[in-house]
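Hi,

Here is the structure I promised to pass on to you. Have a look at it first, and then read on for my notes.

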Amino acid sequence: MDCIRFTLNGRVVEERSVPPTLTLLQYLRYTQGLTGTKEGCAEGDCGACTVAILDADAQGGPAWRAVNSCLVLLPMLQGKQVVSVEGIAQGGAPHPAQESLVQALGSQCGYCTPGVVMSMFEACYRKDLDQPWKLDDQMCGNLCRCTGYRPIKDATKQVAGTLPDDKFRVALKDAPRADMKLSYQAGAQRYFTPTTVEELGARLAEHPEARIVCGGTDVSLEVTKRYQELPLVISVEGVPELRRMEKLSDGTVRIGATATLSDVEAFTEMPLPPVHRMLRYFASRQIKNRGTVGGNLCNASPIGDMAPVLLSLDASVELTSRNGTRRVPLKEFFLSYRKTALQKGEFLSAVLVPPIPSDARASAYKVSKRRELDISAVAAGFLVRVDGGGLVVEARLGFGGMAATPARARQTEAALVGKPWNEQTVEEAALLLDKDFAPISDHRGSSWYRATVAKNLLRGFFVETQKDPVPALPQRPTATVQLEQV
């Protein structure tokens with residue numbers, strides 16, 4: 001299709017001349033006049049611009065997903081259903097999310113309120129909000145500077161998982177997969193969305209200079225913050241095979257490159273607890289609903305949070321082109337700062353993670369200035385195998401934020417192997433991290449801070465895995481005072 005076509009608040013819209021880098025936020029406000037959706041940060045941090053998109057391919061079945069409209073480029077909506085805050089009332093009556101927020105006194109100035117409502121809108125139709133931390137996770141991407149979060153949380157509790165019997169619930173039943181096929185041009189800008197692996201390979205072979213995009217949580221910042229035009233974009237979002245996740249017969253978990261992080265989080269809770277644990281505080285719900293595992297790896301950021309844990313689990317990646325697929329160990333994928341082993345015409349199609357050995361201790365850590373919604377100063381993934389005699393037979397220590405690329409701590413690993421897994425061994429090995437890494441100082445932390453944190457994470461891993469070799473992340477409240485109802 002040569003026009004952008006999607007459903008907005010129940011009506012079909014078509015656009016043939018807008019720039020393909022126009023964001024949904026800008027389109028809603030300045031083209032459609034739907035000014036309920038607000039612009040706060042234009043980088044996915046504040047949640048004021050939150051809208052909902054029907055995701056027919058979500059893990060567990062079709063689902064409404066709250067997303068940051070400031071990071072969604074209009075062609076990413078091809079064939080989809082979008083709802084803004086203006087479209088959720090029915091028959092003149094407020095949506096339960098709106099009514100609940102009113103009754104709980106959850107709005108003051110009102111600037112953040114539309115985004116808060118739309119995050120609550122997703123919560124209404126979720127069936128998996130069975131633990132307190134999941135409510136926090138659902139709402140953590142919405143800042144409110146004047147109301148206070150207690151009434152917002154109270155309102156969310158009232159509606160979470162209620163599945164209102166309305167048109168939005170009906171839309172989830174047997175929702176058809178969006179046909180995202182698109183070949184679009186406006187001026188000098190072009191945007192392609194292939195829908196098969198073969199077509200994607202052909203497009204990349206034809207346009208090796210194209211910018212590959214999926215969720216847009218990183219690339220879109222080049223539009224909203226650096227004001228780049230992105231003359232040629234190829235989206236991988238429209239290929240269903242690239243989103244598939246499965247557990248293979250040998251226990252290996254295969255994660256499609258375009259699987260959203262919220263889906264990966266849900267899928268890995270049992271087979272890969274360290275991955276699930278890292279994703280818990282990876283980003284806001286809105287970001288995880290759009291960000292992908294492939295995107296996080298391919299941007300090759302030294303502070304990308306998925307790489308360290310996947311390095312520790314000995315993951316590999318599938319790199320595909322029209323000439324076939326090759327498999328590369330993740331430890332060989334990152335070549336230098338922001339440079340990967342991807343060749344011209346190739347795209348990352350999947351990540352393969354072998355099962356965690358029964359004799360292993362494994363976990364993941366992220367240290368940042370804020371618990372929610374912050375880029376890590378240091379991230380780490382650890383796996384240590386210990387034999388029946390208490391000796392370390394293998395160690396894999398992955399770190400982010402410590403070098404130009406995510407990397408393994410080779411000298412520290414070697415110092416652990418063959419030694420008894422005890423406090424003295426860990427203490428001696430931790431000191432070798434200074435030989436493995438020479439971290440820089442920046443606004444997230446000094447070189448001394450990063451080096452000290454890295455050592456402490458290894459020490460903490462030893463302590464934490466004494467009772468449970470593959471520990472789940474405990475739920476700890478953010479507030480200092482917790483009020484219990486009697």
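Pro96, Ala97, Ser100 and Leu101 in helix H2 meet Ile152, Ala155, Gln158 and Val159 in helix H5. Of the residues in this contact, six are nonpolar, two are polar and none is charged. Please keep in mind that the model is predicted.

H2 covers residues 96–103 and H5 covers residues 149–159. Their axes lie 8 Å apart, and the two helices pack at an angle of about 140°. An angle over 145 would count as roughly antiparallel, so H2 and H5 are oblique to each other. The crossing of H2 past H5 is right-handed.

Next, helix H1, which spans residues 24–31. Which of its residues are buried? They are Leu24, Leu25, Tyr27 and Leu28. Their cover includes strands E1 (4–8), E2 (11–15), E3 (50–55) and E5 (81–83). Just after H1 comes Gly33, with a positive phi of about 70°.

Is Glu15 buried or exposed? Its relative accessibility is 15%, and buried means under 20%, so Glu15 counts as buried. Leaving aside residues up to four places away in sequence, Glu15 touches Cys3, Ile4, Tyr27, Thr31, Gln32, Leu74 and Tyr184. With Tyr27, the side chain of Glu15 makes a polar contact of 2.7 Å, and Tyr27 is itself one of the buried residues of H1. From Glu15 to Ala415 there are 400 residues in sequence and 61 Å in space, C-alpha to C-alpha.

How values were computed:
Residues are numbered from 1 along each chain as its sequence is written. This is a predicted model: local features need pLDDT of at least 70, side-chain atom pairs count only at pLDDT 80 or more; totals for chains, interfaces and linings use all residues. Side-chain values use heavy atoms; hydrogens and water are left out. Axes are lines fitted to C-alpha atoms, for helices over the stretch in contact, and angles run from 0 to 180 degrees between N-to-C directions. Helices (H or I, at least four residues) and strands (E, at least two) are DSSP runs, numbered from the N terminus. Angles under 35 degrees count as roughly parallel, over 145 as roughly antiparallel, 65 to 115 as roughly perpendicular and the rest as oblique. A crossing is left-handed if the near helix is turned anticlockwise from the far one by less than a right angle, and right-handed if clockwise. Contact means heavy atoms within 4.5 Å. Ala, Val, Leu, Ile, Met, Phe, Trp, Tyr, Cys and Pro count as nonpolar, Asp, Glu, Lys and Arg as charged, and the others, Gly among them, as polar. Buried means under 20% relative accessible area, exposed over 50%, partly exposed in between (1.4 Å probe, protein chains only). A polar contact is a pair of N or O atoms within 3.5 Å; within protein, one must be able to donate a hydrogen and the other to accept it, and residues adjacent in sequence count only if both atoms are side-chain atoms.
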